[in-house]
Amino acid sequence: MNTPVKKNDQLTVHIEDLTHDGAGVAKVDGYPLFIQGGLPNEAAEVHVLKTLKNYGFAKLMNIVEPSPFRVDAPCPVFGECGGCQLQHLSYEGQLAWKENMVRNVMKRIGKIDAPVLPVKGMEKPWEYRNKSQIPFALEDGQVLAGFYQSKSHRIADTNTCLIQSDESDRLMRAVKEHAMELDLIPYNEETKKGQLRHLVVRKGRATGEVMVVLVTKHAKLSKQDAIIELIREVEPNVTSIMQNVNSRNTNVIFGDETNVVWGKAVIEDLIGDVRFEISARSFYQVNPVQTEVLYKQALDYAQLSGNETVIDAYCGIGTISLFLAQQAKQVLGVEIVPQAIEDAKRNAELNGFTNTYFEAGPAEEVIPKWYKEGQKADVLVVDPPRKGCDEALLTTIIEQRPKRVVYVSCNPATLARDLRILEDGGYKTMEVQPVDMFPQTTHVEVVTLLERKL
Ligand code: SAH
């Protein structure tokens, strides 16, 4: 194998970029070396660990010239925990990297020349998550709790998570301290013994309501009263304590059975003026502050006057649909998960909307069916999963020719690919607005406005 560097070589490199896992990327005669802990615009001495045909891995030995954006990561388990990748980069540096990354992907993959605006970031890029799912383990008689290490099921044991709420931290610490005496012995994935698998904490940011879900192997909670007492004492804002029973040998967090242990079965939250009910298992955006920023942008781009029919494809529990319904004649939402559609209908009712309609099914089949039935969108909003829009849906859009398309995406690469298809089909990308929904991580959401030109 003829690579420009060999295992155990020591060399000084210039780091240019970051991978999706947050590793620095340097090129040696065009050959990429991935360097954990390295940042763009740094010169560093590295030790080559491994070389494959098209890329290799090297260890960061010494930073010769640090990035002006380098900071000390504040979290004690940064690097070990798989949750955050960018705590060693200042927030300003994170936003600059994300903006640049979106711009490059638009050009390189989509040949899109629309303006890419600066990323809308958070004023306080910490404690933003409204849901934590904390695995437990028992090792040498010690109860461990925290989050999984990158690409593994080993727990990075911690007593605090800086992107989670204080409530989540306090509950995690209390359950960890008292797990054994409460007969919540951590479940062991190998022996399949034990009781407590995950502690899930959800919070309605606007209402302050907190839900605790104990995911256990067995249905019986032998010390139920003591568990309730501890949770309520630690966190008086808890309005719902639930139990989910997962007795299967699986990586999936939740099982099929969910019971109320104490209080209500749901908590509520508001995004803008729209109210949402959240149950133990329902899908809900994890950063409600930035969700509002993202959906306000989508609403702005939709430019609704009140006379439009809007289709919201990949609508989930109808979060965007209900936002749009405030200003449209009617909104039709489609989503593949039937339970999410049930939630969407209930949320529409909870808010008194009478101009929404939701249907479960694949967007690429339901939307053509609606068109045949005479339901034509003036504005179409899509918010697909990471793999992007189904090609059949893009073909439908090009055939049915809505005036505007608002594309919300969690993956700039598939977004750029789909924008190219839509541009070739007669649309023009007007503006690209990234929004930072996940500070301290490499993720970025993007909302894009397209207008029909032909
Ligand atoms: N817009 C929602 C959720 C977006 S996530 C929100 O903001 O909350 C993407 C959603 O697309 C998921 O809920 C997923 O279940 C759904 N989905 C995936 N493939 C789909 C398809 N072919 N048709 C319709 N929905 C699909």
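Biologist: Is Q440 buried or exposed?

Modeller: Keep in mind that this is a predicted model. A residue counts as buried when its relative accessible area is under 20%. The relative accessible area of Q440 is 2%, so Q440 is buried.

Biologist: Where is Q440 found, and what is its phi?

Modeller: Q440 sits in a loop that runs between strand 20 (427-435) and strand 21 (445-452). Most residues other than glycine have a negative phi. Q440 is a residue other than glycine, yet its phi is positive, near 75 degrees.

Biologist: What about K151: does it count as buried or exposed?

Modeller: K151 also has a positive phi, near 50 degrees. Its loop lies between strand 7 (142-148) and strand 8 (155-157). Exposed means over 50% relative accessible area. K151 has 72% relative accessibility, so K151 counts as exposed.

Biologist: Let's turn to the ligand. Which residues are closest to the ligand?

Modeller: The ligand is surrounded by 16 residues. That shell divides into 9 nonpolar, 4 polar and 3 charged residues. The closest are Q285, Y295, E335, A363 and D383.

Biologist: How much of the ligand's accessible area does the protein cover?

Modeller: On its own, the ligand has 580 Å² of accessible area. The share of this that the protein covers is 85%.

Biologist: Now the whole chain. Why does its radius of gyration agree with a compact globule?

Modeller: The chain has 9 helices and 21 strands, and its C-alpha atoms fill a box of roughly 70 × 60 × 40 Å along the principal axes. A compact globule of 454 residues would have a radius of gyration near 22 Å, so the chain agrees with its value of 24 Å.

Biologist: What percentage of the contacts with a separation of 6 or more joins residues 24 or more positions apart?

Modeller: Of the 454 residues, 54% count as buried. Among the contacts with a separation of 6 or more, the share from residues 24 or more positions apart is 63%.

Technical notes: Residues are numbered from 1 along each chain as its sequence is written. This is a predicted model: local features need pLDDT of at least 70, side-chain atom pairs count only at pLDDT 80 or more; totals for chains, interfaces and linings use all residues. Side-chain values use heavy atoms; hydrogens and water are left out. A residue is near a molecule or strand if one of its heavy atoms lies within 4 Å of it. Accessible areas come from the Shrake-Rupley method with a 1.4 Å probe; for residues, only the protein chains shown count as cover. Ala, Val, Leu, Ile, Met, Phe, Trp, Tyr, Cys and Pro count as nonpolar, Asp, Glu, Lys and Arg as charged, and the others, Gly among them, as polar. Helices (H or I, at least four residues) and strands (E, at least two) are DSSP runs, numbered from the N terminus. The radius of gyration is taken over C-alpha atoms; the globule rule is 2.2 Å times the number of residues to the power 0.38. Buried means under 20% relative accessible area, exposed over 50%, partly exposed in between (1.4 Å probe, protein chains only). Contact means heavy atoms within 4.5 Å.
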